[in-house]
Amino acid sequence: MEKIAIFVDVQNVYYTVKHAFSSNFDYNAFWSHVTHNRQVVRAFAYGIDRGDQKQREFQNILRAIGFEVKLKPYIQRSDGSAKGDWDVGITIDVLDYSPDVDTVILVSGDGDFDLLVQKVRGDLGKKVEVYGVAALTAGTLINAADNFNPIQDSLLLQKKR
């Protein structure tokens, strides 16, 4: 059975899906899709901790699905800007865990990951699948991956009527 590791850039997927579709990413549908006939070795969801109840509930949902949730504190700078990205942490984890799997699954549209994907494919000989919003995913990241899977219809939460 194919072994996989999953790495989800929660902030990136939240904002790109919200911007492109005015919707939310369906983590349950995604999990069902990517894990079918595959063995999950590790699955991480990287997010920012603002400390509010709704966010804690979301993080618990991710844990119940099967993700290990990694959090960084939300930092508001005095100039009004904010900091809280996981690029380095995701990169370290991908490099640490990819030797144990056949396929790395990255959920992000961030072009900063293109070099990482190239390294994992070239130097480590692993397959890399990227999931992102097509219109908001860096072309360099799409081109670096073995497979690019656009987040659309079946991976979006359907609005309740």
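Trainee: Which residues of α2 are buried, and do they line one face of the helix or several?
Mentor: In this predicted model, the buried residues of α2 are Y27, F30, W31, V34 and T35. Seen down the helix axis, these buried residues fall within an arc of 105 degrees, so what they line is one face of α2.

Trainee: Which elements do the buried residues of α2 pack against?
Mentor: Helices and strands both take part, the helices being α1 and α3. The strands that the buried residues of α2 pack against are β1, β2, β6 and β7 (127–132).

Trainee: Which element gives the largest share of the largest nonpolar core?
Mentor: That core has 24 residues, and I6, V8, F25, Y27, F30, F67 and I151 touch the most other members. Among the elements that give two or more residues to the core are β1 (2–9), α1 (10–21) and α3 (53–65). The largest share, four residues, comes from α2.

Trainee: Leaving aside its neighbours within four places in sequence, which residues is Y27 in contact with?
Mentor: Y27 is one of the residues that touch the most other members of the largest core. With those sequence neighbours left aside, the contacts of Y27 are V8, V10, V13, F58, L62, I65 and F67.

Trainee: How are α4 and α5 placed, roughly parallel or roughly antiparallel to each other?
Mentor: The axes of α4 (residues 87–97) and α5 (residues 114–122) come within 11 Å and cross at roughly 5 degrees. T91, V94 and L95 of α4 meet L116, K119 and V120 of α5, a contact whose residues divide into four nonpolar, one polar and one charged. Angles under 35 degrees count as roughly parallel, and α4 and α5 are therefore roughly parallel.

Methods
Residues numbered from 1 in each chain as written. Predicted model: local features only at pLDDT ≥ 70, side-chain atom pairs only at ≥ 80, totals over all residues. Heavy atoms only, no water. Core = buried A, V, L, I, M, F, W, Y, C linked by side-chain atoms within 4.5 Å. Buried < 20%, exposed > 50% of the residue type's maximum accessible area, 1.4 Å probe, protein only. Contact = heavy atoms within 4.5 Å. Axes fitted to C-alpha atoms, helices over the stretch in contact; angles between N-to-C directions. Parallel < 35°, antiparallel > 145°, perpendicular 65-115°, else oblique. Nonpolar A, V, L, I, M, F, W, Y, C, P; charged D, E, K, R; others polar. Arc of directions from axis to C-beta.
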